[in-house]
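Please have the sequence and the model at hand while reading.

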Amino acid sequence: MGSLPPSRPRFSQLPEAAPNPKTRISLRRFAGHVAHEEHLSHVRIVHLTDQHFGRVTPHLVQQSAIDLTNAQEPDLVVITGDFVCHSQAYLDELQQCLALLNAPAIGVLGNHDHWSGAQAVRKALHRAGVLVLDNANTVITLRRQQLQVVGLDDAYTGHADAEKATKGLRHDLPTIGLSHIAEEADHLWECGVPLVFSGHTHAGQVTLARMHEVLLGRIIGHKYVHGLYGSRQRAPAASSKGAVYVGAGIGAAVVPLRLGERAQREVAVFELGATAGAPWEHHAEQPALKGRAPSERTKARRRKQLERKKRKHEAAE
Ligand SMILES: [Fe+2]
């Protein structure tokens with residue numbers, strides 16, 4: 001590893017976010033996986049998810065999320081889908097906001113992007129300078145260090161292909177994964193991706209009295225609802241084959257209501273190379289909920305839902 005570029009604020013010395021009372025975006029900080037600690041020195045990643053550019057999420061919130069992201073001086077921004085809400089009407093706003101990021105950005109699509117027209121969303125992201133990984137992987141150089149990024153397309157709408165996404169993966173490089181649906185991390189861990197970023201749940205949007213775990217865990221069947229799950233250690237100390245981070249997201253698709261500390265809009269910062277368990281981490285790894293994989297009937301219903309929405313958008317064009 002060569003000498004690093006001149007200093008910027010150490011991760012743990014960065015000021016805490018001064019939350020704008022109008023936007024209330026939380027800043028949550030974590031270290032990476034032990035596999036990153038072995039290869040990387042202070043590579044800072046900001047994770048954004050579920051921005052849902054559209055009528056429900058005010059422009060001020062979107063702009064504040066970008067400002068807070070840039071204030072972290074990230075080396076890379078990763079965005080795990082649901083860029084839009086229900087239509088293509090806000091693609092210009094999406095493009096203009098993401099073009100303001102002051103670091104390279106890599107993303108994967110979510111179910112709302114597929115429902116609203118995946119190709120149009122991809123084009124807007126391309127114009128904004130965001131690299132979209134559709135079941136693919138790439139290697140980037142950050143602060144003179146190589147990082148491999150695996151991007152899984154959306155599993156909710158049946159587009160995820162972990163085998164394709166990890167084809168040709170190098171096992172000598174530090175790696176992270178992106179997947180809108182967090183439960184896909186189980187497959188990615190098996191393929192050698194130790195830390196996966198995801199979204200989709202919006203942390204349940206109401207986390208008072210752990211309501212989000214009841215609704216999203218027991219009723220909907222998610223194993224991973226919000227925050228950090230799994231293990232960032234290697235076997236035999238590890239309790240699972242990897243870790244997954246589920247972001248609370250920035251926007252909303254239906255109502256913007258968010259109640260409870262965990263439910264707040266969120267910018268998450270991961271310092272790859274830092275030691276897991278430091279006191280500045282927002283929380284420790286949580287055990288997975290029991291969860292329940294979607295049945296064949298549910299998958300068929302989701303396929304029909306996708307076709308219906310696609311037809312609606314084609315008819316509107
Ligand atoms: Fe979403």
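## Helix H8

Helices (H or I, at least four residues) and strands (E, at least two) are DSSP runs, numbered from the N terminus. The buried residues of H8 are Thr 298, Arg 302, Gln 305, Leu 306 and His 313. Seen down the helix axis, these buried residues of H8 fall within an arc of 100° and so line one face, the arc being that of the directions from the axis to the C-beta atoms.

The model is predicted, with local features requiring pLDDT of at least 70 and side-chain atom pairs pLDDT 80 or more, while totals for chains, interfaces and linings use all residues. Residues are numbered from 1 along each chain as its sequence is written, and side-chain values use heavy atoms, leaving out hydrogens and water.

## Helix H2

In helix H2 (residues 59–71), the buried residues are Val 61, Gln 62, Ser 64, Ala 65, Ile 66, Leu 68, Thr 69 and Asn 70. Just after H2, Glu 73 takes a positive phi of about 50°.

## Around Leu 259

Leu 259 is found in the loop between strand S11 (243–246) and strand S12 (265–272), and its 36% relative accessibility is why Leu 259 counts as partly exposed.

Definitions and conventions. Buried means under 20% relative accessible area, exposed over 50%, partly exposed in between (1.4 Å probe, protein chains only).
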